[in-house]
Amino acid sequence: MIEKLIAKSRITEVHGTSRTMNTAYESSGLTTDQFLTGIYEQLISKTTALGMAISRSHAESVAAEKDEVRDDKIRAVGYQLQGYLYSPEQAVRDAAAIAKQVFDKYGFAIIEETYVSESSHIISMLNDFAAPKVVEAITLLKGVSENIAALKAAQDDFETTRAKYAEEEAKHGTLTSATVLKKEVLNIINNDLVQFLRTGERFQPEIYGAFARTIAEIIDKNNEQVKKRSKKDKIENEVS
């Protein structure tokens, strides 16, 4: 009997398994079957939507990574300026005080702010660092201008990534989340496709038998992977 797809499967696993099922259907010779056609019209549509939702989730995770980079650059500038305040040379200490005053206007706290607020403050900080008096002071602080340039590059990179993400959100903002779509795909597979093929394999094996076995194999491969992961997690939890 065909097993159902394990509900604990990851979102990407459900998506990949469903795509494989769709490919199998296309080469099954059953694409004109009225019952399977109705099921697969929904499954293909939801699988496509799930793939798009996964892409959007990936874009957001990339943005988070870019944000971490610019946070590190903010720390680099702040700590470097703080170090120069203890230089044995008075001229360097004075120059550091000028530049540090600019940094302290915004401070390390902007790292904890929302993406939009942090971007606004970084841009303002960079503009303040570009003031003639500050630029002159920074020339006495080896490496600071490079760190400021690195912060600007990180900010530009973050904004480019966020712009791409926002564009995708604008296009697909009304679409369902990946978590909800996963449940919908699971429902079609388990409660429509599997149930239909169980009946078809039993009463019309000459028509549905081969395709049912193919779908069963696809599901078994996924479920085996999920079970192995669950077993591994259980062992690790017991050890810890």
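The largest nonpolar core of this predicted model has 31 residues, and Leu36, Tyr40, Leu193, Leu197, Phe211 and Ile215 touch the most other members. A nonpolar core here is a set of buried Ala, Val, Leu, Ile, Met, Phe, Trp, Tyr and Cys residues joined through side-chain atoms within 4.5 Å, where buried means under 20% relative accessible area with a 1.4 Å probe, protein chains only. Helices H1 (11–26), H2 (34–84), H7 (178–203) and H8 (205–239) each supply at least two residues of this core; helices are DSSP runs (H or I, at least four residues) numbered from the N terminus.

Now for H2. At its start, a side-chain oxygen of Asp33 reaches to within 2.9 Å of the backbone nitrogen of Phe35. With 51 residues at 1.5 Å each, H2 should span 75 Å (1.5 Å times one less than its number of residues), and its end C-alpha atoms are 76 Å apart, which agrees.

Arg70 is found in H2 and is buried, with a relative accessible area of 0%. The Arg70 side chain reaches the backbone oxygen of Tyr115 at 3.3 Å. Neighbours within four places in sequence aside, Arg70 is in contact (heavy atoms within 4.5 Å) with Tyr115, Glu118, Ser119, Ile122, Leu151, Ala154, Gln155 and Phe158.

A few ground rules: residues are numbered from 1 along each chain as its sequence is written, and side-chain values use heavy atoms, leaving out hydrogens and water. Local features need pLDDT of at least 70 and side-chain atom pairs count only at pLDDT 80 or more, while totals for chains, interfaces and linings use all residues.

Definitions and conventions. Buried means under 20% relative accessible area, exposed over 50%, partly exposed in between (1.4 Å probe, protein chains only). A polar contact is a pair of N or O atoms within 3.5 Å; within protein, one must be able to donate a hydrogen and the other to accept it, and residues adjacent in sequence count only if both atoms are side-chain atoms.
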